[in-house]
Amino acid sequence: MKKTVLLAALFAFAACGGGDKPATGVNLLDSADFQTIVDGKEVSLYTLQNENGMAVQLSNYGARIVALWVPAKDGSFVDVSHGYDNIEGYLTAGDNNSGPVVGRYGNRIANGRFYIDGKEYQLQTNENHNHLHGGDTGFGFRVWNAAETTVDGNPAVAMNYLSPDGEGGYPGNLDITVTYSLTPDNRLVIDYKAETDAPTVLNPTSHTYFNLHGTPAKSILTHQVMIAADGFTATDEYLIPTGEIVPVEGTPLDFRTPVAVGDRIEEDYEALDYGLGYDHNFLLNKSGAGVELAAEVWEPATGVVMTVYTDQPAIQFYSGNFMDGSDVGKGGIPFTYRTGIALEAQNYPDAPNHDTFPSAELRPGEVYTQTTIYAFGVR
């Protein structure tokens, strides 16, 4: 099956069976390699491309980013996201967190337990004795319904999933839609909307591993990172927040001005020891509830700059500390130690168990929304 929709001059949206590929130097993945059936539902590949040549490819398996081609300073395009050449790579990966929307609760919940209105809920525990990224039945393992659409005239894909009451231990039937749109100025916009029929908790986030070299054959330690945060949540050795907020000033976690990832990652500091590097929740310096600057990453070798904007209160910065080469990505290149970073816009980890953290509860009649933007340029 072949379906291509032209939304504007040189804007292309290809789904299901591939489509004509604009001659931009972008080596798009073949959609035929992503067609399969999982849990009785069709899995496909979707492509958004703007007039500059930037392209994002998406799979409805996990509502995930599988390729993200952006311009580099030499005029070429580089794929800055981890991923696999075909759907089998995702179905068999040891780490399923390359590119999906994770949830219902992204990040960790202590002991997989929380309370709503005095009632205890027990979630799956899938990391030590804790719950991580929605567990083994979370959003990243589900086939979402996908529909081509536009947002403000820009090409977009809307992914929808109905998470049934009790899935992974979560209460309530949750209806969530995540819409990816690509703007003419090289911004990938991710909009979330969700509703529930019973009180629940929700903290979805995009879990893409980025490498601005355009290949996981090179380390991310040279990436220059800025995070607009004055503090981070202290954790125990299992990366569960203690409730304490620690100022970044004077610590290796101070990214208020750009610092290379590798400059301080090996310092003797308890928070780094617990995470085996950077794996921390930073509290963003927000002035209101809207979308604001959260972080920026620059790789001098390619000149690629990625700027993150979000309306969320925090962002998790992870430096690929657990990558060990056992998963082999696009082009046969393994994901080895510290060859990818994640910047996950989010609520605080374990927020349902801390009254002083922003609430993660969603109740009937309420609408959860989130907007996070990954903007790309060259320096």
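**Briefing on a predicted protein model**

Tyr90 is buried, with a relative accessible area of 2%, where buried means under 20% relative accessible area, exposed means over 50% and partly exposed lies in between (1.4 Å probe, protein chains only). This is a predicted model, in which local features need pLDDT of at least 70 and side-chain atom pairs count only at pLDDT 80 or more, while totals for chains, interfaces and linings use all residues. Residues are numbered from 1 along each chain as its sequence is written, and side-chain values use heavy atoms, with hydrogens and water left out.

**Confidence**

- The mean pLDDT, the predictor's confidence in each residue on a scale from 0 to 100, is 93 for the protein, and 94% of its residues reach 70 or more.
- Over residues 1-23 the pLDDT stays under 50, and for this stretch the model has 61 contacts beyond four places in sequence, a contact being heavy atoms within 4.5 Å.

**Aromatic pairs**

- The structure holds 16 aromatic pairs; rings of Phe, Tyr and Trp (its six-membered ring) pair if their centres lie within 6.5 Å, and planes under 30 degrees apart count as stacked, over 60 as edge-to-face and the rest as tilted.
- In one of these pairs, the ring centres of Phe34 and Tyr90 are 6.3 Å apart and the planes stand at 45°, so the pair is tilted.
- This pair links distant parts of the chain, since Phe34 lies in the loop between β2 (11-15) and β3 (36-38) and Tyr90 in helix α1 (residues 87-92), 56 residues apart; helices (H or I, at least four residues) and strands (E, at least two) are DSSP runs numbered from the N terminus.
- Phe34 counts as buried at 0% relative accessibility, and Phe34, Tyr84, Tyr90 and Phe335 form one aromatic cluster.

**Charges over rings**

- The charged end of Arg264 sits over the ring of Phe255, 5.7 Å from its centre, a description that requires NZ of Lys or CZ of Arg within 6 Å of the ring centre and within 35 degrees of the ring normal.
- The charged end of Arg379 likewise sits over the ring of Trp298, at 5.4 Å from its centre.

**The open sheet**

- Nine strands form an open sheet in the order β14-β15-β16-β17-β30-β26-β25-β20-β23, with antiparallel pairing; two strands pair if DSSP finds at least two bridges between them.
- At the edges stand β14 (145-151) and β23 (259-260), each with a single partner strand, so one side of each is left without a neighbour in the sheet.
- Strand β16 is largely enclosed by the rest of the structure, because seven of its nine residues are buried.
- Eight bridges pair β15 with β16 in the antiparallel sense, and nine bridges join β16 to the antiparallel strand β17 (residues 187-196).
- β16 and β17 form a hairpin with four residues between them, and Asn186 in the turn has a positive phi of about 65°.

**Salt bridges**

- A search of the whole structure finds 12 salt bridges, each a side-chain nitrogen of Lys or Arg within 4 Å of a carboxyl oxygen of Asp or Glu.
- Asp279 and Arg108 meet in one of them (3.7 Å, N to O), linking strand β24 (residues 279-284) with strand β10 (residues 108-109), 171 residues apart, and both residues are buried.
- Arg363 forms a salt bridge with Asp117, with the closest N and O atoms 2.8 Å apart; Arg363 is partly exposed at 26% relative accessibility, whereas Asp117 is exposed at 60%.
- Asp39, Arg142 and Glu167 are linked in a network of salt bridges.
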